[in-house]
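Work through the exercises below with the predicted model in view. Each task is followed by a solution in steps.

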Amino acid sequence: MSKSVYVETFGCQMNKSDSEHMLGLLDEIGYVQTDSVKKADLMILNTCAIRENAEDKLYSYLGVWRRYKDARPGAMIAVGGCVAQDSGENFVKRVPYVDLVFGTHNLHRLPELVMQASKSDVPVVEVYQELPDDLPELPVIRQNPHSAFVSIIYGCDYNCTYCIVPYVRGREKSREPQVLLNEIQELSDADYKEVILLGQNVTAYGHDLNPVTHLGELIELVDAKTDIKRIRFLTGHPRDLKVEIIDSIKRTPTACEYFHIPIQAGDNRTLRRMARGYQVDFYKRVVEQIRDRIPNAAITTDLIVGFPGETEEEFLNTIRLVEELAFDACNTAAYSPRPHTPSANWPDQVSEHEKNERLRMLNTVVSEVSLRCNKRYLGRTYDVLVEGRSERNPERMTGRTRTNKLVNFEGDESLTGQLVDVEITAANPWALRGRLLNQQDKQDLKGVHECALSHN
Ligand code: SAH
Ligand code: SF4
Ligand code: F3S
């Protein structure tokens, strides 16, 4: 008889993608996905270690799951992801009622480990220090039928002084272009419209391959050799976003003009102490190179406030930079000291109160700036990939422009998964509202364009 599995995912897209592989792997030993954690035979928590609050949240989840487990004889709890990778055996000391702890480098072992755990009276713990060299292709059950995550590079070779990722995701390791092309063509054959090329540092793709290649070449290859309609990539490091990559994106019709390039801070002293490997002027040049070549590109970023030793004036430099560079959107966070990272032990930590104040002030500026950017979309028509019904307003459908703007509009469920034309009618800092164009509108629009052309 088949068993059921429920997976809860914290953290970044990498973790979401790993969860899809967990479901694929477990399917091979007869586990079927369920939406009900209470009824699951196997409950998996895929954890994130990036900030302390992400970690705290997982312990409260597990507290609740323990009751579900007690109520269902034979039910198991497994913990994977970045906290599991970091804690290993120690996790069991803190949460003795888990049945299995596995890391980020041994996902492929999950079926074997689950079977071991089901026969064992004590928790099974297995964590690898690095990804194995001969990593097999992993089966996958994707959660979105139109847009697919495709990991192109694992790990991170940087050592930013605040970041735990290199400790839990290991060194950079790119996947071979041919393997990626095969995977993406299969996706396109299965009617996927979009792929999101994933990595902690996708802009470093290919430096470790033989022959050496880069993200731009990969994007051009995917465009030329597969039928996928949209190519996205996430997350880039400014230092590795070379002009060749930007040029490839400009040349490639299916490559979306959307760049997520975390800057982290708008102050040179802070950037140096974060060990980011660039200064503000360098980053500004990268933005200029993008905007010169692709004027309608959206640029988004990540920012940390309250890094140890950050003065009020240095924080204000971040605020000024957000205004100057007019980011389309920013992920913002208060600095959180993490194990293994040098800055966690620095003496000049900023108080929680101050960090929260700075975060609040930054968020106000970020939303003003985003609103200004989004208002530029008003009255224009964009290509939107429809994701489904809006969760917040089930009357509306929701989708994304090539620049990753969320657009809500009235329309029929059957549009899900399609690329449609939407005219933007309203904007707020986080989303746009629009009107679906019908065939007649499109004819009219075509007429206008032809007319405009004939006047030139
Ligand atoms: N590889 C990407 C970032 C991956 S981590 C890059 O280099 O830009 C995702 C985001 O989490 C980071 O961009 C950073 O803004 C945030 N982050 C990482 N460590 C953090 C910490 N200790 N405290 C607060 N935010 C942190
Ligand atoms: Fe973390 Fe820095 Fe690597 Fe990004 S580049 S994952 S912030 S260490
Ligand atoms: Fe979190 Fe691990 Fe991603 S720490 S942000 S889930 S790589």
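**Exercise 1.** Find which residue has a side-chain N or O atom 2.6 Å from an oxygen atom of ligand 1, then describe how far the protein covers this ligand.

Solution.
- Step 1. The side chain of D302 supplies the N or O atom, which sits 2.6 Å from an oxygen atom of ligand 1.
- Step 2. On its own, ligand 1 has 550 Å² of accessible area, and the protein covers 89% of that.
- Step 3. R276 also takes part: a polar side-chain atom of R276 is 3.0 Å from an oxygen atom of ligand 1.
- Step 4. From Q200 comes a backbone N or O atom, 2.7 Å from a nitrogen atom of the ligand.

**Exercise 2.** Describe the shell around ligand 1 by residue class and by strand.

Solution.
- Step 1. The shell consists of 16 residues, and Q200, P262, Q264, D302 and S336 are the closest.
- Step 2. Sorted by class, 7 are nonpolar, 5 polar and 4 charged.
- Step 3. At least two shell residues come from each of β13 (298-305) and β14 (329-334).

**Exercise 3.** List the residues that surround ligand 3 and sort them by class.

Solution.
- Step 1. The surrounding residues are C12, N15, C48, A49, I50, C82, R169 and Q200.
- Step 2. The classes are 5 nonpolar, 2 polar and 1 charged.

**Exercise 4.** Determine how many disulfides the structure has, and whether C256 is buried or exposed.

Solution.
- Step 1. A search of the whole structure gives 0 disulfides.
- Step 2. For C256, the nearest cysteine sulfur belongs to C373 and is 18 Å away.
- Step 3. C256 counts as buried because its relative accessibility is 1%.

Note on methods
Residues numbered from 1 in each chain as written. Chains lettered and ligands numbered in written order. Predicted model: local features only at pLDDT ≥ 70, side-chain atom pairs only at ≥ 80, totals over all residues. Heavy atoms only, no water. Near = heavy atom within 4 Å. Nonpolar A, V, L, I, M, F, W, Y, C, P; charged D, E, K, R; others polar. Disulfide = S-S within 2.5 Å. Buried < 20%, exposed > 50% of the residue type's maximum accessible area, 1.4 Å probe, protein only. Polar contact = N/O pair within 3.5 Å; in protein donor to acceptor, adjacent residues only side chain to side chain. Areas by Shrake-Rupley, 256 points an atom, 1.4 Å probe, with all protein chains shown as cover. Helix = DSSP H or I, 4+ residues; strand = E, 2+ residues; numbered from the N terminus.
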